[in-house]
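Please consider the structure shown below.

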Amino acid sequence: MGWAIALHGGAGDIPRSLPPELRQPREAALRHCLQIGVDALKAARSPLDVVELVVRELEDHPNFNAGKGSVLTSNGTVEMEACIMDGNTKKCGAVSGLTTVKNAVSLARLVMEKTPHIYLGFDGAEAFAREQGIETVDSSHFITPENIDRLKQAKEANRVQIDYTQPIQKVEEEEASLPNGDSQIGTVGCVAVDSYGNIAAATSTGGLVNKMVGRIGDTPIIGAGTYANSLCAVSATGKGEAIIRATVARDVAALMEYKGLSLKEAAAYVINECAPSRTAGLVAVSATGEVAMPFNTVGMFRACATQDGYSEVAIWPNESCSCD
Amino acid sequence: MTSTGWAIALHGGAGDIPRSMPPERRQLLEAALRHSLQIGVNALKANQSTLDVVELVVRTLEDNPNFNAGKGSDLASNGSAEMEACIMDGNTMKCGAVSGLTTVKNPISLSRLVMDKTPHIYLGFNGAEAFAREQGVETVDQSYFVTQENIDKLKQAQASTQEVKAEALLSSGNGTTGTVGCVAVDSYGNLAAATSTGGCTNKMVGRISASPLVGAGTYANNLCAVSATGNGEAIMRATVAREVGAVMEYKGLSVKEAAEYVIGERVPNLTTGLIAVSATGQVTMTFNTTGMFRACATQDGYTQVGIWPNELSD
């Protein structure tokens, strides 16, 4: 069976015309984060530790919509959220509305381990962060020039964007072809299983460009953007509202349990039949070491590796890929 | 789909409700449940949409100081009420949710506005309060929600030892009840669910529970509408409301069987209750706690108001 790990940096309308200077750093980041996760699994770290570690790396990377590089609210601020879940115990932790916590996923883990609760939000979550002595920074740490531009564009177009827009003609044409004018990337996440069947999931995000202050997405909602039980671990990405309605992460596991589908079948079914087109992607691993990375968007920044030596880093759909 | 008649169920919370409750209090609460039920039944008979019906009924329960939602909400560790709610429409699967409200008189109505007036599903805390003001929903001074009973409960909880505190938070709502909710279906199979709560006594400021989370405390699709109550954390882990729908869909269970399965097998004992209706007009009110304040009615004339388990099945 062996260990397996998968991670994502967001699903959405990632244009194939993405210029090399934007594409290569992201692919390199995915490869780097994958290696960190693989090394940790090989060093027999628990999957809970592994997913936290990998998501922290993705949060610290400014090119993904989580932590540093989070997209901005309508006020020009960041409000970050995250969730972590341990499949075997079904213990979980979630946070929303963070503005100064450097690694939201680590605060989510502290909620899980140090409180009688699962989910803390906004001022209460920030206060808890200070009680715990977790690393906090000035809010400006998270804000990048690209995201200031994205917010400006979104305000000019007077819409809420789910992802990164490229400031080039072609992309706007592609965007215009979408029914709601939104492009669809968001979040980072990681799922991992070790060779003993210990299994975990973690997701982290800045949310939607130009979202209303206080808007909560799918990421911190157990069963929507994040879920793990003894069968599988799932982290979803895309249009938060669609993922919430379709209880994406929970349904993958429910199909495995109640209809006996394999991980790949369950994941494909949820993405293709339950989530509206061009709204969602996910990464998932099963307790038996399978991996699935399906998406119904143009692309999804993703990477995976399994103990038998398979590994993949990709953005758009592959011709041949045994991962999805 | 053939028309099978409307059905409605509501709850005022599941938990460790002592049978030693004084008769006056018991009668007061039963009368409140009966009253809210009648309001819901009248609205269904008047052909109001099920979305309107569940909002209306939950508003009456929020306004009643004897239930843990709106006025009468359990207090957080800082002595304030921090309220949350969720509403979902089974046909469209549109939903709205709010958390961290401190001045909004009827959280369920704000959650409906999030659903109807924003591109989002869920707003929390300052952002939700700001939205409330933009929308002109009724807001009141924070003291409105605070009852002497809940001040006393909070004092008691804070005076307890660490172990007792942790135990109480982990149990089904600190010896009383959590949340209010309503589910309804009309004779065309349109389903809706709504849940509202103050959370649990002495919760950490900022703590979000199951009620506003689609799939945990609240859920509706074209098969069923569900509102859950009890220990929020247990309900979240088990994604209770979605689970009822999932086993109906994936295992072909009836809504009663699905509810019994979820309550019996998927959540720890003494933690959870739920009410649910199906598109075909079935109702179920199932709980594994000592009691659950509840009421239901169906178009064929059946009605029930209860607190503890009945000898007659639901």
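Axes are lines fitted to C-alpha atoms, for helices over the stretch in contact, and angles run from 0 to 180 degrees between N-to-C directions. Helices (H or I, at least four residues) and strands (E, at least two) are DSSP runs, numbered from the N terminus. This is a predicted model, in which local features need pLDDT of at least 70, side-chain atom pairs count only at pLDDT 80 or more, and totals for chains, interfaces and linings use all residues. Residues are numbered from 1 along each chain as its sequence is written, chains are lettered from A and ligands numbered from 1 in the order in which they are written, and side-chain values use heavy atoms, with hydrogens and water left out.

In chain B, the axes of helix H2 (residues 50-63) and helix H3 (residues 107-117) come within 8 Å and cross at roughly 150°. Contact means heavy atoms within 4.5 Å; among the residues that make it are B:Leu51, B:Val58 and B:Arg59 of H2(B) and B:Ile108, B:Arg112 and B:Met115 of H3(B).

Confidence is expressed by pLDDT, which runs from 0 to 100 for each residue. The mean pLDDT of chain B is 93, and 92% of its residues reach 70 or more. Chain A averages 91, with 90% of the residues scoring at least 70. Over residues 164-184 of chain A the pLDDT is below 50, although this stretch has 51 contacts in the model beyond near neighbours in sequence. Residues 320-324 of chain A also have a pLDDT below 50, with 15 such contacts. Where pLDDT is low, the predicted coordinates should not be read in detail. For the complex, the predictor gives an ipTM of 0.94 and a pTM of 0.94.

Note on methods: pLDDT is the predictor's confidence in each residue, from 0 to 100.
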